[in-house]
Every structure is written in structure tokens, then in C-alpha cells.
Amino acid sequence: MEFSGRKRKIHTSPHAEHYAHALQFYEQPPTENICLSEFETFAVDRVKLLKTVENLGLSYVKMSDDYNKKLNNEAKVLNFPYRPDSDHISHFILRLAYCQTEDLRRWFIQQEVDLFRYRFNDLGREQKLEFLHRNNLQYNAISDKEKVALKDQLISSSYGLSGVTIEHQDFYKVPFQDALDLVRARKVYLQAGYVYIPHQDIITIVLNDFRTKLSKALALTARSLPAVHSDERLQPLLNHLSHAYVGQDYSFQKNVGKISLEQIDSLSGKSYPLCMRQLHQAVRENHHLRHGGRMQYGLFLKGIGLSLEQALQFWKSEFIRGKVDADKFDKAYAYSIRHMFGKEGKRTDYTPYSCMKVILSNPPSQGDHHGCPFRHSDPELLKQKLQFYKVSPSGIEQVGESNFSLNHPNQYFIESQRVLSGGKDIKREMETPQRLQENSAGSTAAREAANASQDLAGMTDLDSIFQDP
Amino acid sequence: LETIPPLPDLLPLYYRRLFPFSQYYRWLYYGGVQKNYFQNREFSFTLKDDIYVRYQSFSSQAELEKEIQKMNPYKIDIGAVYSHKPNQHNTVKSGTFHALEKELVFDIDMTDYDDVRTCCSAADICSKCWTLMTIAIRILDRALRDDFGFQHLLWVYSGRRGVHCWVCDEAARKLSVAARSAVAEYLTLVKGGEETVKKVVLTDPIHPFIRKSLDVVEKYFTDYAHEQAILGHNKSVDKVLALVPEDILFIDFQSEKTPEKRWDLIKAKASMKKVGNPKQQYFQEEIMLQYCYPRLDVNVSKGVNHLLKSPFSVHPKTGRISVPIDLKELDKFDPFAVPTISLICEELDQPRTGEKESEDKKEKENENNATERRKIRDYKRTSLAKYVKYFDQFLDGIACTWKGELLKKSGML
């Protein structure tokens, strides 16, 4: 598909009619032969594209005018896909690279879905319908009679629907399981297990469909991976690609033992991001923390270098001051702390949560102290907190617009420590300006504390990966 | 507080003579429509000394009974139906043992309302704040039935401070994690942790679901607010005022002393607001919802493999049995009238009345079924009877769906 819009000519290729329209569900794998260098180039270019999609999704509201314009421009700069078949092939190559772990799959699916959404929205109304019909998407329109009966409900269910717009478009009755995003956000009328979707919103269902199919396909791909890896030409490239995404997960064990428990209080004042400071304070004050908070803070502590023994000591000493006696602690809480360190159950060595994870999963509810204060707190309360923690007034104003790329609480900690110890290794790289949606990250607070530009090693620069010896 | 005989003494009696095993099995067997549905179901037990064992599974009702009577669990949890027998999960090839299906469940816990109830906190409940559970059940039951189309809902008192809902429809049992979380989010209106002051924000258009939920809350709110003295003491008044837009914070409460008049004042200001700033026009509704709308724990509902306390399990701290709640009598439901294990065990010891004696004779005539019959009669002599009866009615309801399925499978439909 033409990334940049409707006026450019579609390049012809041997499979022209097959690829007349490059937007697709990627249901059939490609069958052509390509040479190894094309294999590599296609893959790398697509990763760059998906990375762009990811970054823009952090800085701008998805599908907003800014977002679309930027993505359009960036795609032109990348000049990818050069042809519809390179799009097709590169997608399937990346399936091989990103099917192996839950994290990789999740990332790949998220970016592909966003890319698909962007491309679909770029189509005209007729083209959209044509695409849906060509892909056999079954949906049933309700009768006019039913529409009239439901008119008031339909109007009050969807933002932007009026009596007039309802009259002039079809509504589709779809089982709620096929429209989860709309149900989740309560953007649509739901009755007896069916949602009533106006034609203009059909994209959400299409995306759901796409996501589900891709997810299943990746699971299948993972099973055939051993065969692929046995091809020596492919294995190194595929490994490079998947590491290009993962970046740092701050689970390194090399930090262990560098922190002592006595230091924690002062560290929390100097080098903790706001979310962790909040959690630490809650622990000290209440001598307790609920599960969500224990996970978020506990894993952070692991990431900054607390050993299992130290962690057990820390939590136990606090909980004992609360309502929990030593016995109960050993029975009820010690297990989950050991679990965090990979010493129980599945023995997974859990990695500390990134900012995205903190913000997007498990929002705090009554009685909780976890989450991201920049996302989950009242703006007023947040202001007060920042004042309390001695962020300067100008710093507080800037929390609305920041230019810093912070995406992991442990990254904040490391940077802060580095600066405070007069670090020599700070790189002065600024890539694409980043900020989290709506409120910004603890970024500005971080900047206040660290007072330097930041190390963006966590954000991938693909070229550096491929320059490895 | 009366001295309660310790649980270890009562549990054996409970499990031998009172626990309704045949109804329980009838439920989880689901008509045998799906092969091994019961056999692949995970149970977990909490035994004495806080020993917790997972991945228990049983091949028949008899085995279930035998094991429970042997272990006398303090608490029983029900988990998912897995791909293989849970008690053999270690023998299964790594990665292939996984949860397949489970009822869609909800857990409403009174502790989650601590910031908005003045009568109790933490694990305590009373008749005043129990209204919150009533409201929660009405709102969620309506939504699950009318909006989502579910029909077979079992509401259960947790035994101490909350209620659970088990949605047993086949479609519900087959829901994915994503679908469960979407349902839970659809049903969520109160958001935010300790740091959030305003937990409900409404904007136009007001979705029919919210409208209908407000209808329920409105029915109970005035009385509830009065009982909680939300607008009585200064401290709680301040909490309410924190939810009111700044420019009408100027509510002069000094002139109005009674909570009812104060709420009227708020309502009056609210109706004036409706023609003003669109962002603040629903603050009255937002207040009502923040104080009364159900707060559910999304994590409980999300996971297919999440374990939840079983109906008819005993609550170790209160001794109360987790009994099903008959929604037809919901407004009369009193958690403090729910039978405790010591009560029903006591009731068992009471001498039999005259009308039972003829049954005694019949029993002697047919020794084969003696044990069964004695057991059936046993719970009927106790306060547990009406709850088991209600459970039976619930099972009759789902049984219709099984019959349809079985006929279909045998090719007769």
C-alpha cells in the first residue's frame, strides 16, 4: 500500500493483482524466493518501521492528526515498504524473530496492530468496504425497524452519534466477544450479549480479528522454530532482531549486594522515581503493602541490587511492625518474595516492571499505592507531592511537556546514581523526542534530580546492533 | 461473643453429614456434556496450620467426598477446568498443561469501600453498610443478564465481608482472559487508589449502562447516606465536598444542619450546574456513584485459572457457611442470620420430630440407601436446608441447557 497517500502510483510487481492493495491480514505466507541479503534488509527495515510506530504511539495520541502526519513522514523517510510484496515478506520474517517469548509476541502484535489501524484508516470509505468484503468479514446489519426501536440507546451509547447519523448508516449486531475493545471502553450499546456497532466503527472489530489471528499464528510459528533455527544462515539474524527490541530489562544479577538495607531510606529520597518513593513511604508508614505494590516495589528493589535475603529482611521487619507476626509472615508473604526472585514455583526470574507495564497493567484501586503517579493520581495531589519532594515550581509546570525518554523505574535509579556520583559515562544522545501520553513521565522530575541529558541506551539504535563484531 | 467449638472438631461432622455433595457434583459435572469436565477441575484446600494444597482433582463424586472427609479442609477453593487432570499436572509434558475453562466470577469485598463507609472498616460489616452489597448485586446482576445475555448466575455470601458471583453459562465459561477483563472493565466505574480523590468521572453521553446503574443507586442512596451520616460529621462532609466542583464549594452548610437538607442543597446546586460547564454537570451523580457503585476486583475476574472460595465452604474466621443468596429475597438478606457451622452441627443433634419417625422405619427396611437417605435428611433438619433448596433450583435452571446440548450431541435434535 502506498504509505504516503492516495496520489502516488502503485508500483507493479510480478504479483500485481495479488498485491493491488497491500493492506492485508497476512493469512497466506509468501511463496517467492528471495536472496539472503533481501531477507536481512526486509527484516531490518520492518523493525525500524515498527519501532517508529511504537515511538510515535508514546508521544502522540494514536490516530490523532499529529500522529498520522508524523507516521506518514517517518514512513517516507524510511521508504519502506518499497513494494507491497516486501511488506508481505518482511512481516512473515519478523514472525520468526518475535514468536519466541511472551514479551516479544506482545510487542510485535501491538505494533502490527497499530500499523494496520493506521493503514486501514488511511483508506477511503469505499476502499474500506471493499477490503472488508474481500476478506469475508461477516457482520449482520440490523433492520430499520430495530434501529428505530433502539435509537435512543444507540445515541447515548456512542459519542458523536446523533439521530441523523443513525438514520444514515448501517448498524451491525456483533457478539460482544468479537468487539472487546468497544465493550471494555463502553463505547457501544450492548444488549443480550450483542453490541450494536455503527459502520464508522467497524475498524475496531477488524483490529480485534487481526490481533487474534496474529496471536494464534505466532503460537504456531513458535512450534516450527526449531526447524528454522537449524538453518545457520537465518539463526544469527533472527537472534539479532529479537534482541534489538528487548533492550534492557534491568534484571542483571551483577548489581546484587551493592546496596545495603540501611541505605534504602536515603536512596529513596535521592534516586527513586516518584512511584517507588510513594511505595516506599507507604511501606514505612503503614507497615504493609498490598500485592500490586509489593510486586512493583519488590521487583524494583531486586533490580537495584537487593539480594533475596535482604529483601526478606526488609519486608519482614516492616510487616512485623504492622499487624503481621513473624510466623504469619513466613507462611503468607515469604513465599511470594522468594517467588519474585525465581526460587519458587515456575522459577521464573521476574523482571522489574517498565513504565509501560506500570501504567498499563493493574491500575490501582482503593487501598493501593502502586501504579504511576503521573498517570494514576489526581493532578492536584501530584503537584503537592512534587512540591513536597522539593521539585522546583518551574519543574512542576514542565511536567506537562517533557523531552526526556524515561521508560523504566530502574533506569531512573541508575541514571540518578550515576549523576550523583559524578558519572563519566553519560552519553549525550537525543533521539526522537519522547513523552508518555497525556501526562508525562517522571521525566522532568528525573531531569531535576539528575540535571543532565540522559542515556538512551535502552532505546534501540538498530545500526549499533548490526555493527557488533 | 459466644465460645465457638473449634473448627477442627466441627469440620468432620460438617463434611460427613451436612455438605451437599450430590448437589455440588451435579453442578460441576454440568450434565456430562463435556468429557472429563469434572475430572479436570482444579480444587485447592487450605488445611490446618495454614497448609495450602493446589491441583487437587477427583474422578468422581465418591472420590471427592472421600478426600474431603479425609482432609477436612478449612477452606475449599474452586479453580479452572484444565487440559489434563490437575493432580497429574507434573506428569504432563511441559507447556501443555493449561487452563481451558472456568465460570466467570466476581468478588465484591466490603474493605474496598473503606474510604466511603463510616460505620465500619476493614473486615467488619454491619447492617448499615450491607446495603452496599445489595446495591452491588442489583446492578451487576442486571448488567450481566440484560447487557451481556448471561442467564445462570449464582450469587454467594462469602462468609464474612462480601459476596461472590459465579456466572455459569457455557458462553461465560469459555471466555478468554481478554474477554473477562473487558467485561470487568465495562462494569467498572470507580477508579483510583489511595491517591485519587475523585474516583468517578462522567461525561456525555451517559451510556445506558450508567443510566440504569444510577437508577438502582438512586433508590437506595438517600436512606443509605442518612444511615452513614455522610453529610453529618464534618470529616465526612469534607470528603463529599472534595468531590464538588470548586466554584460551588461555597455551599453554606452552616444554615442547614440536617444531612437530608444538606443533600438537598447539593442537589439544587447540581441542577443549576447542568446548564453550566459541561465538564462538571454530573457531579451529583458522581458523588452517588463514588459512594455506592460496586467496586470489583478486576484481577479476580480476569484469570481463567483464578481460584475462588467455593460455595458451601466454611469461613474460618466467622464460621459462617458460604451460602447462595436468593435474589428474590435480596432486600431481606441478613449476613448475620447466615448459619454458622457450629449452629448447624448443633441442630443436627436435636431430637427428631414425630413426622420423621415413619421415615425412620422405611429406612430400616431399605438398608442399602440408608446412608444416603440419612444424609439427605440431615441437612434438611438444619438452617442449611433453605440454601440447599435454592441451590437445587439454580441447578434445575442450568440443567435445561445441558439437556439441550446432550440431545444435540446424540443427534436427536
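**Figure 1. Polar contacts between chain B and chain A.** Thirteen is the count to look for in this view: 13 residue pairs, both members at pLDDT 80 or more, are in polar contact between chain B and chain A. The model shown here and in the other views is predicted. On chain B, the side that touches chain A draws at least two residues from each of helix H4 (127–147), helix H6 (177–186) and helix H7 (208–228). H6(B) gives the most to this side, with seven residues. Sorted by class, the side of chain B that touches chain A has 16 nonpolar, nine polar and 14 charged residues.

**Figure 2. Extent of the contact between chain B and chain A.** Chain B brings 39 residues to the contact, and chain A brings 33 residues. About 2,800 Å² is buried between chain B and chain A, and 52% of this area is on carbon and sulfur atoms. Glu194(B), Glu195(B) and His207(B) together supply 23% of the area that chain B buries against chain A, more than any other three residues.

**Figure 3. A salt bridge between Arg184(A) and Glu185(B).** Over all chains, the structure holds 43 salt bridges. The pair in this view crosses between chains: Arg184(A) is in helix H8 (residues 180–184) of chain A, and Glu185(B) is in helix H6 of chain B. The two side chains meet at 3.0 Å, N to O. Between chain B and chain A, the count is two salt bridges.

**Figure 4. Packing of helix H14 against helix H15 in chain A.** Helix H14 (residues 291–304) of chain A packs with helix H15 (residues 308–321) of chain A at an angle of about 140°, and their axes are 11 Å apart. H14(A) is therefore oblique to H15(A). From H14(A), the residues in contact are Arg294(A), Tyr297(A), Gly298(A) and Leu301(A); from H15(A), they are Phe314(A), Trp315(A) and Phe319(A). By class, this contact of H14(A) with H15(A) has five nonpolar, one polar and one charged residues.

**Figure 5. The cis peptide bond between Asp204(B) and Pro205(B).** Omega for the bond that joins Asp204(B) and Pro205(B) is about -10°. Pro205(B) lies in the loop between H6 and H7 of chain B.

**Figure 6. Backbone of chain B at Asp49(B).** Asp49(B) is not a glycine, yet it has a positive phi of about 65°. The residue is found in the loop between strand S1 (41–46) and strand S2 (52–56) of chain B.

Definitions and conventions:
Residues numbered from 1 in each chain as written. Chains lettered and ligands numbered in written order. Predicted model: local features only at pLDDT ≥ 70, side-chain atom pairs only at ≥ 80, totals over all residues. Heavy atoms only, no water. Contact = heavy atoms within 4.5 Å. Buried area = accessible area lost by both parts, 1.4 Å probe. Salt bridge = Lys/Arg side-chain N within 4 Å of Asp/Glu carboxyl O. Polar contact = N/O pair within 3.5 Å; in protein donor to acceptor, adjacent residues only side chain to side chain. Helix = DSSP H or I, 4+ residues; strand = E, 2+ residues; numbered from the N terminus. Nonpolar A, V, L, I, M, F, W, Y, C, P; charged D, E, K, R; others polar. Axes fitted to C-alpha atoms, helices over the stretch in contact; angles between N-to-C directions. Parallel < 35°, antiparallel > 145°, perpendicular 65-115°, else oblique.
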